[in-house]
Amino acid sequence: MSELDTLERTLMDAIAAAADEPSIEAVRVGALGKKGSISDLLKTLGTMTPEERQTRGAAINALKTVVTEALTARKAALKDAAITERLARETVDISLPVRSSPTERGRIHPISQIVDEITAIFADMGFAMAEGPDVETDYYNFTALNFPEGHPAREMHDTFFFQPDENGERKVLRTHTSPVQVRTMEAQKPPIRIIIPGKTYRQDSDATHSPMFHQVEGLVVDTKANVANLRWVLEEFCKTFFEVDNVTMRFRPSFFPFTEPSFEVDIQCDRSSGPIVKFGEGTDWMEILGCGMVHPNVLRAGGLDPDIYQGFAFGMGLDRIAMLKYGMPDLRNFFDADVRWMTHYGFRPLDMPTLFGGLSA
Amino acid sequence: MKFTLSWLKDHLETDAPLEQICERLTAIGLEVEHVDDKAAYKPFVIAKVLTAEKHPQADKLKVLMVDTGMGAPIQVVCGAPNARTGLVGAFAAPGAYVPGIDVTLSVGTIRGVESRGMMCSEKELDMSDNHDGIIDLPDDAQVGQSFAAYAGLDDPIIEINLTPNRPDCTSIYGIARDLAASGLGTLKAPKAPAFTVSGETPVKVKLDLGEDAHLCPGFALRLVRGVNNGPSPRWMQQRLIAIGLRPINALVDITNYMTFDQGRPLHVFDAAKVKGDLVVRRAVEGEKVLALDTREYTLSPANVVISDDNGIESIGGIMGGEHSGCDENTVDVLIESALWDPMNIAKSGRALGIITDARYRFERGVDPEYMVPGLERATELVLDLCGGTAAKADVTGYAGYTPKQVEFPVSEVQRLTGLTVGAEESIATLKNLGFGVSGSGETVSVSVPSWRPDVDGKADLVEEVLRMHGVDKIAPAPLESHGAVSGKILTTLQIRTRVAKRALASRGMLEAVTWSFISKAQAELFGGGKPALSLANPIAADMSDMRPSLLPGLLTAAQRNADKGFGDVAIFEVSGTYENDTPSGQRRVAGGIRRGNASMAGAGRSWSNSLKGGGKPVDVFDAKADAIAVLEACGVPMGNVQFEAGGPSWYHPGRSGTIKLGPKIVLGHFGEFHPKVLEALDVSGALAGFEVYLDAMPEPKKKATRTKPALELSPFQAVKRDFAFVVDKSVEAGAILKAASTADRKLVTGVNVFDIFEGASLGEGRKSVAIEVTIQPVERTLTDEDFEALTGKIIANVAKTTGGVLRG
């Protein structure tokens, strides 16, 4: 065995024996470093004859190539092994639970969600949103809306009153969102297309009545709006809101002091499966809203000439349509702030109702 | 308003079935609320007991063979003591539902004998409580006939939900008139009363109302002598019972019958008990009357009464007095048919708390033109049912009816409804309803009948035409499009309200809606409780005052949840609070609280708490972060926002802050709560909360362009340097941050506090604040000298403004 063969064997054994990256580096330095065994041999090339160089020189270079390749391969293998070992060491129990995301935990109250749904629908029909105060004057809540003083229609509203002021006038908690109709007409010339969501109050309490509840009112005033348009608006609204292809609605003549003619609107539905109401099918009728053409006296109260301007108004209970759509059984729970109720019936903050993405998920 | 089908058909000639009548009633605005078609009584037929033998196995039972008029006799086992051969009664076959005992019959075997049906008692048919024996009918009952038809139990009952504008339909006659006008049958003309009168009514009526004659615009009175006031006939009693009235005696039943049949409330006085003439006047303050409901009422001048020499005999238009009421001993009767002021009746009735069928009609408006005909009709009924002799009627104060005139452009129907109804059809409809129409062409003159006080203007006439024509004939027509993509429709406040809710919910909080009214004590704790915001008629004592803050409602809600075992809650509300009773006094506030350890990361303990810091009780900084989230979501320029220590009295004075924009605008408060306030609210636990006033935020500046400012990115690496300053404990970290960041506004792009340390090594009353400063070179990489200079500036600036020295 030649001297070179012995060196190759020794080096290859050392490479194979290197167990980690520092030891393989030591082998490399011992062979190919400045004073390494192969480097030393290479230094002898300069002293050789051309013949020697052709044979012995080629053999030394071949040895260098073989050792370099072996070193590289061993190094890569050791690196892989080290990574494999590290990965094994770093392994955790991924079954451990993580905290829920705040956006998953948080909730929007059904009333807020419904207002957003309604806003999305009416915005598409060119309506803006108007608001008004909860503490109202008797004038805006009743008189301007054509409820004459002492009229039995006032008794239909179980009104909350404040203490009379020094002039004997007492403010009320608005019994409906309709006062905003007159406030809007006073502030803005037609054409008017608004929806008015808000809190309303009546002195009443049971499973379907609460002393505080929510309504949404709609008002359209221009020089053309008529009952046919009213029907269209309400049908489009109900269809979109309840997310059904068709609704059948029934308009019944009724009475509200602030509209003439007035209607109550029933929607055809299926109530055969208990508390769950299905719209767009069935043979039952459910009263859902009141509406009508704005009474000439109300237009006058708003400073408009009823022979020039005309329009319609409609109003419905927000809580009620929320209950119908999403199935809450008892209105009183809306105001309990029970975390279980809020979590169950509430909506996630990123569930934003839009027409392009759908009202509800 | 309730009535029976046969009663309606007294006035309406129609072949329409019940279902169609009900549909039409609803379609013309007389909403049918409930119908009892009496189908429950259909299975019962009149049957005769052919034989009644003793049951072979039971002493108290009998085995009957019953002839039902159909097929062979049927065997029935019966326990009634009065079951006997020859009895005619009501039979129910197997399959029939027996309402009084809530049982559906089947073929049974009783003590070994088969029974194929049942002979019923009155109780079993829900007719009365009589269960002494089975029904025992007189000879006129025909075997095989419907028992319900024989007993008058088959008359369907219709109940309509009458709107307050329709006094004309408080009478069955009026309902028939409406139905006839809609084309469903013909209105039967009332028969003209025919009776002879003899003598004068001796009792005179004096209207003593001074200038308020409108309170009683007419009074008609008649004496009928020699009546026999027994029970009213069966047909009248059945009708009254069907609509929920109790028959009393013929005279009283006649007044009730007229109230419903014609919408004409009447009163009958026993003439023997009336002393002197009748005077219609205002009551004297404190005057008392025992009314027909046997309750004593204390009256005031707001109430109009009918009195005689004995005192008050009746509260006009509301309820008669007990003293002069009619009973079976009444011989001479005074019948009153009067008119009363609707407003005064409504007020009096409400003040006295009396609800009667008379008040119901008078406060809506009784047909003045029927005052006298109503008296005539009532007199005729009295004469028919009780006999006697009628005196001449005495009519006082009635000035007659002048019809309202409405100029009606016939095109108004189309203008308001979009429905094309021909002028002729519109006019015909109005005439059918009793309106007078004169003139021709585009605009006609319409006179309003005396029974329609609700009709004032042309819109009312449109409604009349529309409801008779059919609202459902109007085809929906799209609202005119604006012809453009809809723009932004929400105001800044509405947008901020919406975004504040979503921002807080995104922080893991639950949106609550709590009551706008709270107890006075709670309102006072939070700076409210003013008299102007106190309800005169709260629904409950703890819901009496408009809330000055969202916090009391949220804090007590959190406690309620804690009491149910949910102690770690994070809830918020974005809604109104009330500073005063004007529209601008209603604020728009975003408020929230966290309880227990409901931090944003999550409540409760977790294996990863050591990494993520959960499980620690909430504090002022959780509330501060929530408040800032609202401000940021609403687009408030945060660079200009200041945080001052301390807040309103309900917060912990050392653990709360006030958020300001400039010296005047208060944007909100946050913090932990004052222990005394929590105690007064009866709540406990770690609690922190905030309120941000959305309506206090300035409108965002209008921008000329939506383009964002150009982004300048430095090519040089940003560097972070740490400093620790020892300062007096009272120095706010915010001041150190400000001093560091203003040391070089160009190079220093960020400052943050990463550690606070207090310890004996620093000396009494001292603390160390460690900050991290981000330095962003702009023009070139900074040299060691540059850093040294900047560091020196930061240290000097902090020392100058806070007295802080670099920690050694």
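Helices here are DSSP runs of H or I with at least four residues, strands are runs of E with at least two, and both are numbered from the N terminus. The model is predicted: local features need pLDDT of at least 70 and side-chain atom pairs count only at pLDDT 80 or more, while totals for chains, interfaces and linings use all residues. Residues are numbered from 1 along each chain as its sequence is written, and chains are lettered from A and ligands numbered from 1 in the order in which they are written.

Helix 19 (residues 733-743) and helix 20 (residues 784-802) of chain B pack with their axes 8 Å apart, at an angle of about 140°. Axes are lines fitted to C-alpha atoms, for helices over the stretch in contact, and angles run from 0 to 180 degrees between N-to-C directions. Helix 19 and helix 20 of chain B are therefore oblique to each other (angles under 35 degrees count as roughly parallel, over 145 as roughly antiparallel, 65 to 115 as roughly perpendicular and the rest as oblique).

On helix 19 of chain B, the residues that meet helix 20 include Ala735(B), Ile736(B) and Ala739(B); among their partners in helix 20 are Ile794(B), Asn797(B) and Val798(B). Contact means C-beta atoms, placed from the backbone, within 7 Å. By class, this contact has seven nonpolar, four polar and one charged residues. Nonpolar covers Ala, Val, Leu, Ile, Met, Phe, Trp, Tyr, Cys and Pro; charged covers Asp, Glu, Lys and Arg; the others, Gly among them, are polar.

## Surroundings of Val683(B)

Val683(B) lies in the loop between helix 18 (675-681) and strand 39 (687-693) of chain B. This residue counts as buried, because it has 21 C-beta neighbours inside 10 Å (20 or more other C-beta atoms within 10 Å is buried, 12 or fewer is exposed, and in between is partly exposed, with C-beta atoms placed from the backbone).

Leaving aside neighbours within four places in sequence, the contacts of Val683(B) include Leu555(B), Thr556(B) and Gln559(B). Gln559(B) is 124 residues from Val683(B) in sequence, yet their C-alpha atoms are 5.7 Å apart.

Chain B has 20 helices and 43 strands, and 43% of its 808 residues count as buried.

The contact between the chains takes 71 residues from chain A and 79 from chain B. On the chain B side, these divide into 40 nonpolar, 22 polar and 17 charged.

Notes: Two residues are in contact if their C-beta atoms, placed from the backbone, lie within 7 Å.
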